[in-house]
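Subject: Structure handover

Hello,

Here is the structure for you to look over. My notes on what turned up follow below it.

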Amino acid sequence: MSEEMGISTKRDEDFSKWYLDVVRKGGFVDQRSPMKGFDVILPWGYAVWEMLQQRLDKNFKRHGVQNAYFPMFIPESLIKKEEKHFEGFKAEAFAITEAGGEKLEEKLFVRPTSETIMYHMYSLWIRSYKDLPLKINQWNNVIRFDTKGTKPLIRPREFLWQEGHTVHSTKEDAEKWLKIVVSMYKDMYQALAIEPLVLVRPKSDTFAGADYSIVFDTLLQDGKVSQGPGSHLLGQHFSKPFNIKFLDESGKEQYGWQTSWGTSIRQIGITICHHGDDKGAVLPPEVAPYQAVIVPILFKGKEKEVLEKAESVKEQLRQLGLRVHLDDREHSAGFKFNEWELRGVPLRIEIGPKDVAAGEVTAVSRLGQKDKIKISELSEAKALLENIQKEMAARSAKFLIDNIKDVHNMDDLKEKSKAGGFLRGNWCSSGECEASIKAESGHEIRGTLYGKEEKCFANCLWCGKPAKHVVYVAKAY
Ligand SMILES: [Zn+2]
């Protein structure tokens with residue numbers, strides 16, 4: 001295998017280099033663009049994004065969300081209307097001060113997120129309780145000057161995402177809606193065969209301008225965690241400065257209650273880092289753009305019959321509802337095996353002259369299992385894919401459970417955190433203790449379990465005083 005083609009680094013040697021190899025050589029992203037953090041999403045990576053997009057979009061629409069599009073520039077006066085929001089984003093927002101060679105009268109920010117521009121418009125649209133709830137989503141790009149350093153898909157400066165923004169007439173309705181949002185993201189995680197921790201972030205890490213944030217944290221194979229979707233209860237923090245008011249049923253003027261929620265292409269990076277192996281990416285069948293790739297094994301004089309059989313197998317699998325691709329390029333079979341493994345295709349189907357004669361194919365799962373399938377019983381390929389999905393989900397659930405360790409004090413935390421993963425400890429809820437834990441150990445309080453109150457089992461990790469919450473602590477990207 002040539003250096004250019006395969007992966008030269010193993011995960012346990014240098015996880016970061018392994019990841020960069022997989023994203024580029026696996027056809028997900030090319031980060032060699034002229035600007036750091038502004039990466040090119042390659043066709044294979046984009047196809048995975050489309051799979052996630054279609055799944056989410058279908059769910060959004062089923063729950064009454066409509067798609068729309070808003071401008072990517074936000075005038076400074078607008079973004080400043082919500083003080084905390086502006087404070088939270090100004091360090092990472094790109095600004096435009098010049099256009100057509102002339103200095104602009106007002107600075108324009110390139111959207112780091114669209115609350116302000118959307119809510120300006122919402123205030124023009126909403127008049128009465130009859131206009132509510134308003135549920136709008138955008139599929140767009142946002143740009144953030146991330147100072148933590150960039151990483152393709154995980155931490156790019158420009159990323160594709162969806163951002164949903166709703167207005168409700170009561171706080172209860174807004175919170176009820178957030179539960180639905182969380183269930184839609186859970187469905188995405190199920191498709192990704194990833195077991196996340198769904199957490200409510202501590203105040204210090206709540207979305208700028210929100211009451212609370214619900215996030216999906218995923219444990220990666222290097223022991224660090226990465227944040228997936230975030231869903232925020234904005235309360236009336238934006239509706240007041242942006243004047244989003246409605247007349248309620250009794251004719252009284254009220255401010256709306258809001259939520260915002262988003263997930264991005266980071267999800268693809270998370271999937272690679274969660275499931276990948278030393279051969280490359282491993283994509284779960286539910287989101288793999290190709291669930292099966294057929295590789296014909298060609299010998300001189302037998303090419304025609306093998307290719308014809310391969311075509312017919314492809315057609316039968318397609319009719320069974322599989323996303324299937326026939327790789328009939330002139331490359332060697334070995335080259336193709338490596339490439340599709342690197343890209344993470346769940347099932348490889350080999351057909352050679354002997355298989356044709358025996359009326360069967362060889363199915364090789366990305367998890368390593370090899371099976372012979374009779375061409376008359378190709379529906380077995382479907383069962384194999386279902387098994388791969390289940391197996392990946394089971395491995396993920398075990399990986400999470402095996403990597404949550406209870407800790408009782410800082411020494412305990414420092415010792416047990418060496419192996420990575422989540423540490424489960426107790427916290428008094430003081431911001432000083434939170435900051436001290438991070439400064440001392442490099443680990444952050446990621447939050448408390450969403451939707452489940454856990455009983456404290458020790459005193460605060462830092463100050464030793466009685467604790468208020470059981471929290472999950474980890475090193476994060
Ligand atoms: Zn404390």
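Tyr119 is buried, at a relative accessible area of 0%. Bear in mind that this is a predicted model. Tyr119 pairs with Phe242: ring centres 6.5 Å apart, planes at 85°, so edge-to-face. Tyr119 belongs to helix H5 (residues 115-125) and Phe242 to helix H7 (residues 239-242), so the contact ties together parts 123 residues apart in sequence. Phe242 is buried too, with a relative accessible area of 2%.

Helix H5 also holds Tyr122 and Trp125, 3 residues apart, about one turn of the helix. Their ring centres lie 5.8 Å apart with planes at 35°, so this pair is tilted. Tyr122 is buried at 0% relative accessibility, whereas Trp125 is partly exposed at 41%. Ring pairs join these residues into a cluster made up of Phe70, Tyr119, Tyr122, Trp125, Phe238 and Phe242. The structure has 22 aromatic pairs.

Two charges sit over rings. The charged end of Lys224 is 4.6 Å from the ring centre of Tyr477. Arg348 lies over the face of Phe337, 3.8 Å from the ring centre.

Now the metal. The zinc ion has the SG atoms of Cys428, Cys433, Cys460 and Cys463 as protein donors, at 2.3 to 2.4 Å. Why tetrahedral? The 4 donor atoms subtend angles of 104 to 117° around the zinc ion. The spacing of the donor residues in sequence is C-x4-C-x26-C-x2-C. Among them, Cys428 is buried at 12% relative accessible area, Cys433 at 7% and Cys460 at 3%. There are 0 disulfides in the structure.

Best regards

Conventions:
Residues are numbered from 1 along each chain as its sequence is written. This is a predicted model: local features need pLDDT of at least 70, side-chain atom pairs count only at pLDDT 80 or more; totals for chains, interfaces and linings use all residues. Side-chain values use heavy atoms; hydrogens and water are left out. A disulfide is a pair of cysteine sulfur atoms within 2.5 Å. Buried means under 20% relative accessible area, exposed over 50%, partly exposed in between (1.4 Å probe, protein chains only). Donors are N, O and S atoms within 2.8 Å of the metal (3.2 Å for Na, K and Ca); water is not among the atoms, so sites may look incomplete. Four donors count as tetrahedral if all angles lie between 85 and 135 degrees; four count as square planar and six as octahedral if opposite donors are over 155 degrees apart and all others between 65 and 115; anything else is irregular. Rings of Phe, Tyr and Trp (its six-membered ring) pair if their centres lie within 6.5 Å; planes under 30 degrees apart count as stacked, over 60 as edge-to-face and the rest as tilted. Helices (H or I, at least four residues) and strands (E, at least two) are DSSP runs, numbered from the N terminus. A charge sits over a ring if NZ of Lys or CZ of Arg is within 6 Å of the ring centre and within 35 degrees of the ring normal.
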